[in-house]
Amino acid sequence: MRGTDMTQSLHNQSLSELSTALRAKHVSAVELAQHFLARAKADASGAFLDINEDATLAQAKASDARLAAGTGGALEGVPLAHKDVFVTRDFVTTAGSKILSGYRSPFDATVVQKLGTLADGTVGAGMVTLGKLNCDEFAMGSSNENSAYGAVTNPWDASRIPGGSSGGSAAAVAARLTPAATGTDTGGSIRQPASFCGITGIKPTYGRASRYGMIAYASSLDQAGPMARSAEDCALLLSAMCGPDIDRDATSLDVPAENFSAKLGDSLQGLRIGLPKEFFGDGLATDVRTAIDAALKTLEAQGAKLVPITLPRTELAIPVYYIIAPAEASSNLSRFDGVKFGHRAKDYTDLVSMYKKTRAEGFGEEVKRRIMTGAYVLSHGYYDAYYLQAQKIRRMMADDFQRAFAECDVIAGPVAPTVAWKLGNNASDPLADYLADIFTLPASLAGLPGMSVPVGFGEAGMPVGMQLIGNYLQEARLLNVAHQYQLHTDFHNAKPEGV
Amino acid sequence: MSLNDQDIRRIANLARLELQPDEQARMLHKINDFFDIVEQIRAVDTTGVVPMAHPVDAMPGAHIELRLRPDVASEPNQRDLNQHSAPAVERGLFLVPKVIE
């Protein structure tokens, strides 16, 4: 299989196809890494923030040795790239912020280790890291325009955003710069960019994947997950990423690692799909609605039943999330003070002025706004009225989901009200970005697993994603539904022009 | 409810952020826009609802307790590695401006 045909098509192969080709020695891990590195280096979308060819090729050589010895991990030698909020030893980690410019972590995040090689040298999944991917600063944003290192363009239309905050991850997978990427989702940051770039992504149940080494934004919401082209690929990645990390993450669930590929083939006969009426109201654009309705028909044809449900507090998700997440962020980001790592201002008079100037220079506008909002809602006199009240409504929303799941097995709806908008569209109006998060925030607040599945194209030929939400620990069910859908449709294989 | 300039100065100090005058004006405007949509939560009756700090707390029947690990040293000494991204280090110590005269 060696030769031009093979290298031409390498970047269009699934993870299991790549894995099979590696094990059959049709291609080496080094050749595969070189193929994708060449694509990444030639890319002009701004998706990659750091590439370290020597480090990647060293990992690939180690993979080839393990493949030769027959000792490799589950995805040995298959390349992937990480969102820049996962700390890495071999690559610079900035979280898209100037305050961490040039930062080198002394260790790899647990998720990075599990997908690659563990700290003690034993092999995890054995994947090879291609580099680090652009994102909104500290994962705060829905368009990737809040990155201190520049926006990322959408591979389907370079005048549009790729979504965010995992915008670099989604764009890189859609443009076939990497077969897979990690993302993180606090309020929709995996699902929304996956939807906007026409790829598949899943945020597992809160606590499934370790947060150790994931630069913290809002700790009660942050969750890692895979972004790839199909549910089948996501299942392989998620199986490798999850599992307890008891000593290093205080909120890691003590639930055994699971093989999320095991139930992909299950029939959808009798599956009850709940449709929250609040997700299909006036705010939903017609093009998105049309694509979702067609996808639901496809699922119905496979034996699923559509059930009307209600999530009555959906609209409150926006204020509740944008109180809780900034409150946690204001606390988490206090560590960036110019003492132990990162940027330090040059001119200051004393310690407090050093902190203030360092943070003023290092943080972007949206990050400052969220820190300020968070500090305010946590301050004396406002804590009860805002922060505590938001936490109480958060509980009511989680209870609403449990009532809904008494009537259905999974919930389906749009990921976002529209397709990807134009770069700069909401630059002067951050609230417009907040409002567009309405359909992803509820599952985040409850800590439920959610995913985005490509279901067609809307305005200007831009991809539309359908959201699937499951009850706690029901990732296998979501992946099963998505996979059965993808067996009957081809939207997940669609490619942007020129790819 | 509306914040004023003085509120913004107070919060910026709490958050250890030095804001330029134009930045401060923009911040005031945008934070007030945001609080316009926040006001609706105050009207929600939450009598008797236990605040949810954390999703693990809401997982039915999961019996997952938040835990602390034993207070024992588990990491090897990696002082050089841990300090190599620090802006100012001397003899293994992080340097900061003088705090006590």
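Reply: Helix H16 of chain A covers residues 475–488, and its 14 residues reach 20 Å from first C-alpha to last, close to the 20 Å expected at 1.5 Å a residue (the expected span being 1.5 Å times one less than the number of residues). Helices here are DSSP runs of H or I with at least four residues, strands are E runs of at least two, and both are numbered from the N terminus. Bear in mind that this is a predicted model: local features need pLDDT of at least 70, side-chain atom pairs count only at pLDDT 80 or more, and totals for chains, interfaces and linings use all residues. Residues are numbered from 1 along each chain as its sequence is written, while chains are lettered from A and ligands numbered from 1 in the order in which they are written.

Now for the surroundings. Of the 14 residues in H16(A), 11 are buried, so the helix is largely enclosed by the rest of the structure. Buried means 20 or more other C-beta atoms within 10 Å of the residue's own, with exposed at 12 or fewer and partly exposed in between; C-beta atoms are placed from the backbone. Among the buried ones are Glu475(A), Leu478(A), Leu479(A), Asn480(A), His483(A) and Tyr485(A). The cover over them includes helices H8 (231–241) and H9 (286–301), plus strands E5 (200–203), E9 (410–414), E10 (450–457) and E11 (463–470), all of chain A.

Let's zoom in on one of those neighbours. H8(A) packs with H16(A) at an angle of about 155°, their axes 8 Å apart. Axes are lines fitted to C-alpha atoms, for helices over the stretch in contact, and angles run from 0 to 180 degrees between N-to-C directions. The two helices are therefore roughly antiparallel (over 145 degrees; under 35 is roughly parallel, 65 to 115 roughly perpendicular, the rest oblique). From H8(A), Ala231(A), Glu232(A), Cys234(A), Ala235(A) and Leu238(A) meet Glu475(A), Leu479(A), Ala482(A), His483(A) and Gln486(A) of H16(A), contact meaning C-beta atoms, placed from the backbone, within 7 Å. That contact splits into 6 nonpolar, 2 polar and 2 charged residues, with Ala, Val, Leu, Ile, Met, Phe, Trp, Tyr, Cys and Pro as nonpolar, Asp, Glu, Lys and Arg as charged, and the others, Gly among them, as polar.

For another pair in chain A, take H10 (317–332) and H13 (383–405): they pack at about 125°, with axes 9 Å apart. H10(A) and H13(A) are therefore oblique to each other, and their contact has 10 nonpolar, 1 polar and 1 charged residue.

Terms used. Two residues are in contact if their C-beta atoms, placed from the backbone, lie within 7 Å.
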